[in-house]
Amino acid sequence: MATPETEERLLAVGRAGTAAHVERIVRGWRRMDRKAEAREADRQHAGRALHVYPDEDGSVRIRGRLAPEVGALLMQALAAAREALYQQQADALALLAESALHHGIDPGAPGERYQVVVHVDAAVLADPDQAGQSVLEDGLRVPAGTSQRLACDASRVVMRHDAAGRLLEVGARTRTIPPALRRALHHRDRGCRFPGCGLRFGQGHHIRHWAQGGPTTLSNLALLCRRHHRAVHEEGYQVDRQPDGELGFRRPDGRVLPEVPRPPTVPCDPVMVLRAWHDAEGLILHARTATPDWLGERLNVGWAIDVLHPLAR
C-alpha cells in the first residue's frame, strides 16, 4: 500500500508503534483506500453527462463526461467503427448510432474483438476487502465492486501467475452466462427486476456472485438494467431469492424495498425540520463539534488514518 508520497510517514508508524498498532493501521488504511475509491467512483458517476445541441450553422455539437469504464467502452466502439470506415471519429460515431438503431440497443453478446478488458485478482473479485489489482487495460484502477458488476455478465479468461507475477497458464475464454441461459433469463424476467423499474434491456446479475461460489443457473440469476445493476454492486443495495422463488430487495440500511416504492415525503422547510430534530435530541452543533481530542491514550485507528492517509480528508 506504500507509495513514494506515503512511505516516509508509514515508516515512522512502523518505528514508533507496536506490531499490533501497525497491523490495525494497515487494515484501516486499506479501508480508507476502498472508501476513497468508492467516493471517486460515486463522484464520477454523479458527474456523468452528455450534451447534444445544434450549432448556429445547423451542425450538432456533442460535449460529455463519462465514467472510466463507460469511456473505455465508447473508445473501443469508436475504434471498431473507425476501422470499418477508414475515416475519422465523427463518422465512426455515426456508424455506432446507425448500428444501434438497426440492430436494437441491446443486440446481445458484444463482439469479442473490441471489448473493455478488466484485470482483477481472483481474491478481490470474491472479496473486495482483499488486497489486489482491479484495473482496466490501460492501467486505470476501478473499484472492486465495479469489477464484480462487469464480471457478472461477460466473457472471462482465467490467467494463473507464480509468486513473482510471471504468467504460467491462460485458460480458454468462456461466457459467464451462456447464450441459451441468457435467452431463458430474458424470457422469464421480461426486463429489469428492480422494484419500480421494468426497463426492457438488462444485464444478467448473479444473486450470489460466481466468484464466491454462486452457480450460473436460472434460479441464481436476475435481470437488472445498467443503473440498478450498479446500485446492487456499488451502492449497497441487496437482492436475494426468497423461499417462494420471488426476489427480495433491500436498501443499503437493510430496510425492505417494496415492489413499488412510495414517493418520499419532502417537508416544506427541511432546514427547520432538521433543526427541530436537533433541538428535540438536545444536539448543539458548532464548528468544533467533530474535532477529536486524542492526547496519547489508547490507539484511535480512525484518527490515525485521518492524519496519515493522503485521501482521508
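How many helices and strands does the protein have? Good morning, everyone. The structure before you is a predicted model, and the protein has 10 helices and 12 strands.

Let me begin with the overall picture. Along its principal axes, the C-alpha trace spans about 65 × 60 × 60 Å. The accessible surface of the protein comes to about 21100 Å², and carbon and sulfur atoms account for 55% of that surface. Of the 313 residues in the protein, 25% are buried. Consider next the contacts between residues at least 6 apart in sequence: 47% of these join residues at least 24 apart.

I turn now to the surface. Which residues form a nonpolar patch there? They are L50, V52, V60, I62, L66, L74 and L93, and together they have about 620 Å² of accessible area. Two elements give two or more residues to this patch, namely strand 1, residues 49-54, and strand 2, residues 60-65. Let us take one member as an example. L50 lies in strand 1. Is L50 buried or exposed? Its relative accessible area is 59%, so L50 is classed as exposed, given that the cut-off for exposed is over 50%.

The buried residues are A144, G145, T146, S147, Q148, R149, A151 and C152. What covers them? The cover includes four helices and strands that I would point out on the screen: helix 3 (68-85), strand 3 (118-120), helix 5 (122-126) and strand 4 (134-136). Strand 9 (203-206) and helix 8 (226-234) are also included in the cover.

Where is V157 found? This residue sits between strand 5 (155-156) and strand 6 (159-161). V157 has a relative accessibility of 39% and therefore counts as partly exposed, a class that runs between the cut-offs of 20% and 50%. Leaving aside residues up to four places away in sequence, V157 touches V170, G171, A172 and R173. By way of a further distance, V157 and A290 are 133 residues apart in sequence, and their C-alpha atoms are 48 Å apart in space.

Thank you for your attention.

How values were computed: Residues numbered from 1 in each chain as written. Predicted model: local features only at pLDDT ≥ 70, side-chain atom pairs only at ≥ 80, totals over all residues. Heavy atoms only, no water. Buried < 20%, exposed > 50% of the residue type's maximum accessible area, 1.4 Å probe, protein only. Contact = heavy atoms within 4.5 Å. Areas by Shrake-Rupley, 256 points an atom, 1.4 Å probe, with all protein chains shown as cover. Patch = residues over 30% accessible without salt bridge, like charges linked within 9 Å, V, L, I, M, F, W, Y side chains within 5 Å. Salt bridge = Lys/Arg side-chain N within 4 Å of Asp/Glu carboxyl O.
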